[in-house]
Amino acid sequence: MVDTSVVLSGLRLDNPVIPASGTFGFGNEFREFYDINILGSFSFKGTTKEPRFGNPTPRIAECSSGMINAVGLQNPGIDAVISEELPRLKTFFHKPVIANISGFSIEEYAYCCERIDKEEQVGLIEVNVSCPNVRHGGMSFGTSPEAAAEVTRAVKSVTTKPIYIKLSPNVTDIVAIAKACEEAGADGLCLINTMLGMRIDIARRKAVIANTMGGFSGPAIFPVAVRMVYQVAKACQVPVIGCGGVQSARDVIEMMMAGATAVEVGAANLVNPYASKEIVEALPQEMERLGIERLQDIIGIVK
């Protein structure tokens with residue numbers, strides 16, 4: 001019998017499969033397809049202080065090996081998440097959830113993290129300093145080691161739960177930013193968020209999406225994600241959650257061999273609502289095929 005369990009900063013997960021923020025809502029839509037309690041956990045929709053309608057439409061552009069999105073952090077705001085979404089979530093998801101928090105100022109990050117830290121259902125907090133499709137904040141904090149560290153220090157000073165900083169791949173040196181967050185007190189890191197991409201409608205001579213550019217995700221970015229996870233896991237001592245283009249149980253294992261302790265599944269959920277379920281179910285058989293008894297044993301095995 002193989003052991004699929006992993007531990008993130010003291011939080012034990014039955015398996016390392018975590019639907020990524022922005023691709024799983026608050027879980028309610030997906031529970032109609034399957035019992036989402038089979039997941040290790042999931043990261044809920046990126047939450048800001050105030051409600052956000054998001055970017056104008058169209059927000060999605062198809063690509064041959066992925067997609068570009070510029071949703072723009074559409075969410076009901078921290079008050080509604082605490083008063084409405086979390087109580088509803090408690091009725092059907094019985095594991096600790098990952099709270100994804102975004103912001104447009106240091107003060108907003110700190111405010112939202114302090115509020116969500118008090119919620120019993122939240123197991124750890126994922127701080128998004130890497131969203132590439134909002135015009136202010138987001139990625140601007142994630143492209144500078146100093147700014148990323150400043151956010152980290154601010155949220156750590158007002159929280160008790162583990163803080164994982166979600167990093168942007170749209171940088172020259174991912175390791176420098178990761179180490180700055182670690183030195184500022186981050187309990188873990190999540191990478192990568194989407195890459196910055198663009199499509200043009202050549203018949204209309206205009207950008208396909210209203211925001212012009214957006215986050216490029218899907219299988220095309222998987223090798224970049226594996227490389228960055230490998231670099232950061234080698235340079236830092238804190239756990240890493242790998243993310244970016246994961247589609248299969250084999251991808252999960254590859255990401256873990258690169259150094260990830262757990263793995264987020266993003267765009268695949270938007271293509272196939274059963275994607276994360278299928279990965280969870282396929283993982284034990286894939287481990288047996290590869291002679292892996294415990295997933296914990298393969299974390300960062302590639303030197």
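A residue is called buried when its relative accessible area is under 20%, exposed when it is over 50%, and partly exposed in between, as found with a 1.4 Å probe on the protein chains only. At 32% relative accessibility, threonine 212 therefore counts as partly exposed.

This is a predicted model, in which local features need pLDDT of at least 70 and side-chain atom pairs count only at pLDDT 80 or more, while totals for chains, interfaces and linings use all residues. Residues are numbered from 1 along each chain as its sequence is written, and side-chain values use heavy atoms, with hydrogens and water left out.

**The sheet**

Helices (H or I, at least four residues) and strands (E, at least two) are DSSP runs, numbered from the N terminus. Two strands pair if DSSP finds at least two bridges between them. An open sheet is formed by seven strands with parallel pairing, in the order β3-β15-β14-β9-β8-β7-β6. Because β3 (17-19) and β6 (97-101) stand at the edges with a single partner strand each, one side of each is left without a neighbour in the sheet. On average, neighbouring strands of this sheet are turned by 25° against each other, direction ignored.

Within the sheet, β9 (residues 188-191) pairs with β14 (residues 240-243) in the parallel sense over three bridges. Here leucine 191 stands opposite glycine 242 in β14. Helix α6 (residues 222-235) packs on the sheet and touches β9 and β14, and its direction makes about 170° with that of β14. Such angles run from 0 to 180 degrees between N-to-C directions, and the axes are lines fitted to C-alpha atoms, for helices over the stretch in contact. Contact means heavy atoms within 4.5 Å.

Valine 17 lies in the edge strand β3. With a relative accessible area of 0%, valine 17 is buried. Leaving aside neighbours within four places in sequence, its contacts include Leu39, Val263 and Val280. Valine 17 and valine 280 are 263 residues apart in sequence, yet 6.5 Å apart in space, C-alpha to C-alpha.

**The pockets**

On a 1 Å grid over the protein atoms alone, a pocket is an open set of points with protein on both sides within 12 Å along at least five of seven lines, and lining residues have an atom within 4 Å of a point. Grid points are joined across faces, edges and corners, and a volume is the space filled by probe spheres set on the points. Ala, Val, Leu, Ile, Met, Phe, Trp, Tyr, Cys and Pro count as nonpolar, Asp, Glu, Lys and Arg as charged, and the others, Gly among them, as polar.

| Pocket | Volume | Residue classes in the lining |
|---|---|---|
| Largest pocket | about 670 Å³ | 14 nonpolar, 17 polar, three charged |
| Second largest pocket | about 190 Å³ | seven nonpolar, four polar, one charged |

The largest pocket is lined by 34 residues, and Ser21, Gly22, Thr23, Asn69 and Thr194 lie nearest its centre. Helix α8 gives the most to this lining of the largest pocket, with three residues. In the second largest pocket, α8 again supplies the largest share, four residues.

**Backbone features**

A cis peptide bond, with omega about 0°, joins threonine 57 and proline 58. Another cis bond runs from leucine 191 to isoleucine 192, with omega near 10°. Leucine 73, which is not glycine, has a positive phi near 55°, and it is buried at a relative accessible area of 11%. Threonine 212 likewise has a positive phi, near 75°, and lies in the loop between β12 (206-207) and β13 (213-217).

Terms used: 1 Å grid on protein atoms, 1.4 Å probe; cavity = no way out; pocket = protein on both sides within 12 Å on 5 of 7 lines; lining within 4 Å.
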